[in-house]
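Here is a report on one protein model. Please look over the structure first, then read on.

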Amino acid sequence: MKAVLCTRLGGPDDLELLDIPDPVAGPGEGVVKIKAAALNFFDTLIIAGKYQIRPQLPFSPSAEFAGIVEGLGPGTSGLEQGDRVMGYVGYGAARERVAIAANALVKLPDSIDFDRAAGLCVIYGTAYHALKDRGRLAAGETLAVLGASGGTGLAAVEIGKLMGARVIACASSDEKIKFACQHGADEGVNYAREDLREALKRLTGGHGVDVAYDPVGGRLAEAAVRSLVWLGRYLVIGFAAGEIPQLPLNFVLLQSRDIVGVHWGAWIAREPQAHRANMMQLLRWCAEGKLSSHVHAVYPLDKAVDALKDIAARRVLGKAILKP
Ligand SMILES: NC(=O)c1ccc[n+]([C@@H]2O[C@H](COP(=O)([O-])OP(=O)(O)OC[C@H]3O[C@@H](n4cnc5c(N)ncnc54)[C@H](OP(=O)(O)O)[C@@H]3O)[C@@H](O)[C@H]2O)c1
């Protein structure tokens, strides 16, 4: 089978498309023929050796996929050959087939196509866990989402609305803000043009936002923390801007604000039941048409390099999907 392989750490151009043996389902495992695999921002880091997970070489990028169960090993139950499923592997899905613990596969409702299903798990899983479990976002509160047209950002916009919040989409262009507003945001801030703190103050009548969701980091983080109301929550999602923010803690103390870490990948390993319950809710919402799981573009496996370059250049709205 064909696989996109990282055989040496580096940039997208260092990846290779190679033939490798098909996987065999071991005890408790299912082999899935991948119909769509999703790329995330962190795939640009993992292939460079700059992510918290450093797989042994060679490995395939792509943390998540959707496909069809092709084979089942001994000791599996609840699945049959031909079932439509989605799965999360952390890395390793940019290839034609994967073998994975069968109990980690989730059956797909017929109404969700493979392309949308492939990109559902990481971004919506992260956003829902962040807003509900970590941020305690309540109906009627105001939520500011940074990087609002990107993967985790757009997911937070959509889930924030479903949870009854007023959502302010913050992004680097008017086109990105318009896109986030088409996905439910109530209004937007172009932080390439306007000071984030001033704009959030203006939009909230000087009051501030209850929750700030930040997958970008860098220079925007301090402005986001300083825009929070009394008892406001700043959710640390990621550092797409590259710079890990250093914050003066007096802004935290003076307004009794919370700085809340969110590590979805570690949480799902620690609390698998809670994760499964969140995923079931997300799948219901998706099947009801309440989540877009927006696909920016579908790239053939041999164009994975282009997909990763588009993500790194901030060109992707929603998700980049690979199709073997
Ligand atoms: N905490 C967790 O559990 C968790 C889970 C998943 C992902 N993450 C992290 O969240 C971050 C965002 O992931 P994502 O999938 O949402 O990424 P994405 O789809 O690429 O979106 C990231 C957004 O960040 C903004 N950005 C600002 N500076 C950038 C730069 N130099 N390069 C790229 N983007 C830049 C862009 O929006 P503008 O152009 O509008 O600024 C872009 O849309 C990553 O650091 C990822 O590792 C964390």
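Pro 58 sits in the loop between α1 and β4 (64–72). This is a predicted model. Pro 58 is joined to Leu 57 by a cis peptide bond. The omega angle there is about -10°.

Ser 62 has its place in the loop between α1 and β4. Ser 62 is not a glycine, yet its phi is positive, about 90°. Is Ser 62 buried or exposed? It has 30 C-beta neighbours inside 10 Å, so Ser 62 counts as buried.

## Other positive phi angles

Ser 256 is not a glycine either, and its phi is positive at about 45°. Its loop runs between α8 (250–254) and β13 (258–261). Ser 256 has 11 C-beta neighbours inside 10 Å, so it counts as exposed.

Arg 136 follows α3. Its phi is also positive, near 50°.

## Overall build

The protein has 11 helices and 15 strands. Its radius of gyration is 20 Å, close to the 20 Å that the globule rule gives for 324 residues, so the protein is as compact as a globular protein of that length. Along the principal axes, the C-alpha atoms fill a box of roughly 60 × 40 × 35 Å.

Buried residues account for 48% of the 324 residues. Take the contacts between residues at least 6 apart in sequence: 67% of them join residues at least 24 apart.

## Two domains

The domain assignment gives domain 1 (2–120 + 294–323) and domain 2 (122–265). Their C-alpha centres lie 28 Å apart. At the contact between them, 12 residues of domain 1 meet 10 residues of domain 2. The domain 1 side of that contact has five nonpolar, five polar and two charged residues.

## Around the ligand

Which residues are closest to the ligand? They are Phe 41, Gly 147, Gly 150, Gly 151 and Gly 238, in a shell of 30 residues. By class, the shell has 15 nonpolar, 13 polar and two charged residues.

Four helices each supply at least two residues of the shell: α1 (41–46), α3 (121–134), α4 (151–162) and α9 (264–270). Domain 1 and domain 2 both give residues to the shell, so the ligand lies between them.

## The nonpolar core

In soluble globular proteins, nonpolar side chains tend to be buried together. Here the largest nonpolar core has 103 residues. Val 145, Ala 169, Cys 170 and Tyr 213 touch the most other members. The largest share of this core comes from α3, with eight residues. Domain 1 and domain 2 each provide at least three residues of the core.

What does Val 145 contact beyond its neighbours within four places in sequence? Its partners are Gly 153, Ala 156, Val 157, Gly 160, Val 167, Ala 169, Cys 170 and Tyr 213.

## Helix α3

α3 is largely enclosed by the rest of the structure, because 12 of its 14 residues are buried. The buried residues of α3 include Cys 121, Val 122, Ile 123, Tyr 124 and Gly 125.

How values were computed: Residues numbered from 1 in each chain as written. Predicted model: local features only at pLDDT ≥ 70, side-chain atom pairs only at ≥ 80, totals over all residues. Domains from an automatic or database assignment. Contact = placed C-beta atoms within 7 Å. Nonpolar A, V, L, I, M, F, W, Y, C, P; charged D, E, K, R; others polar. Near = placed C-beta within 6 Å. Core = buried A, V, L, I, M, F, W, Y, C linked by C-beta atoms within 7 Å. Buried ≥ 20, exposed ≤ 12 C-beta atoms within 10 Å, placed from the backbone. Rg over C-alpha atoms; globule rule 2.2 N^0.38 Å.
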